[in-house]
Amino acid sequence: MCIGVVIVHINVAQIRRDENGTAHFDLKEDFSAFESELEGVDFVAPVHVQLQVNNTGKSLIVNGSIETELKAQCGLCLEPFHYQIHQDYEDEWVFAPQATKEQLETALVFHKDEIELTERILEQIVLALPMRFICSSECQGLCPVCGVNLNATSCACSQDKVDPRFAALANWPRED
Ligand SMILES: [Zn+2]
Ligand SMILES: [Zn+2]
């Protein structure tokens, strides 16, 4: 499959030569081309990436945040809803000729001043996804018997369930 529509890159030519310096990057990119990699979610907003890059002299230490909004399906009621992503992350970027053995394994190693971040950002979005999307902590889900959405309507089957707090009352002798 051919993606490659989105290439997020930033230029570190200045900051990597500016020891003890700080640089900020702020980008908004359309990631909808990657929906196929995220299984069942759609992007309903651009991906907003903010990065603060500090040059320590040994590497670039990055503090970043990634925000976007997805449309997902609730795992309980099966209705689509909007899900906010806000993922903070830290990263270390090191220029290849200066990389130590350890950095080669843990850091993002770059070879030229243009750093390509698409994969890095996608990884963070995947990390921010829940195991299961739930539209609200109050979601009632579907009736296991007839399948209606209990957030929107009730059904005869759900009325059979007696709230345990009222079970004692149900046994109360009736005056007929
Ligand atoms: Zn739901
Ligand atoms: Zn039902």
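Donors to a metal are taken as N, O and S atoms within 2.8 Å of the metal (3.2 Å for Na, K and Ca); water is not among the atoms, so sites may look incomplete. By this rule the donors of the zinc ion (ligand 2) follow the spacing C-x2-C-x8-C-x1-C along the chain. The structure is a predicted model, in which local features need pLDDT of at least 70 and side-chain atom pairs count only at pLDDT 80 or more, while totals for chains, interfaces and linings use all residues. Residues are numbered from 1 along each chain as its sequence is written, chains are lettered from A and ligands numbered from 1 in the order in which they are written, and side-chain values use heavy atoms, with hydrogens and water left out.

The zinc ion (ligand 2) is held by the SG atoms of Cys-143, Cys-146, Cys-155 and Cys-157, at 2.2 to 2.3 Å. Its four donor atoms subtend angles of 105 to 112°, and the arrangement is therefore tetrahedral. Four donors count as tetrahedral if all angles lie between 85 and 135 degrees; four count as square planar and six as octahedral if opposite donors are over 155 degrees apart and all others between 65 and 115, and anything else is irregular. Ideal angles at a metal are 109.5 degrees for four tetrahedral donors.

The zinc ion (ligand 1) is coordinated through SG by Cys-74, Cys-77, Cys-135 and Cys-139, at 2.3 to 2.4 Å. Angles of 104 to 114° among the four donor atoms make this site tetrahedral as well, and the spacing of its donors along the chain is C-x2-C-x57-C-x3-C. Cys-77 lies in the loop between strand E5 (60-73) and strand E6 (80-95), and Cys-139 in the loop between helix H2 (118-128) and helix H3 (156-160), so the pair ties together parts that are 62 residues apart in sequence. Helices (H or I, at least four residues) and strands (E, at least two) are DSSP runs, numbered from the N terminus.

Buried means under 20% relative accessible area, exposed over 50%, and partly exposed in between (1.4 Å probe, protein chains only). Cys-77 and Cys-139 are both buried, Cys-77 having a relative accessibility of 4%.

Three salt bridges were found, a salt bridge being a side-chain nitrogen of Lys or Arg within 4 Å of a carboxyl oxygen of Asp or Glu. One of them joins Asp-113 to Arg-16, with the closest N and O atoms 2.5 Å apart. This pair links distant parts of the chain, 97 residues apart: Asp-113 is in the loop between strand E7 (108-110) and strand E8 (114-116), and Arg-16 is in the loop between strand E1 (9-11) and strand E2 (22-29). Asp-113 is buried at 18% relative accessibility, while Arg-16 is partly exposed at 24%. Asp-113 also meets Arg-17 in a salt bridge of 3.5 Å, N to O. Arg-17 lies in the loop between E1 and E2, 96 residues from Asp-113, and is exposed, with a relative accessible area of 55%. A further salt bridge, at 2.7 Å from N to O, pairs Arg-120 with Asp-91. Arg-120 belongs to helix H2 and Asp-91 to strand E6, so the pair connects parts that are 29 residues apart in sequence. Both of these residues, Arg-120 and Asp-91, are buried. Through shared partners, salt bridges join Arg-16, Arg-17 and Asp-113 into one network.

Arg-16 also has an aromatic contact, its charged end sitting over the ring of Phe-95, 3.8 Å from the ring centre. A charge sits over a ring if NZ of Lys or CZ of Arg is within 6 Å of the ring centre and within 35 degrees of the ring normal.

The structure holds six aromatic pairs. Rings of Phe, Tyr and Trp (its six-membered ring) pair if their centres lie within 6.5 Å; planes under 30 degrees apart count as stacked, over 60 as edge-to-face and the rest as tilted. The rings of Phe-81 and Phe-133 are 6.4 Å apart between centres with their planes at 70°, so this pair is edge-to-face. Phe-81 is in strand E6 and Phe-133 in the loop between H2 and H3, so parts 52 residues apart in sequence are tied together. Phe-81 is buried at 13% relative accessible area, and Phe-133 is buried at 13%. Phe-31, Phe-34 and Phe-43 form one aromatic cluster.
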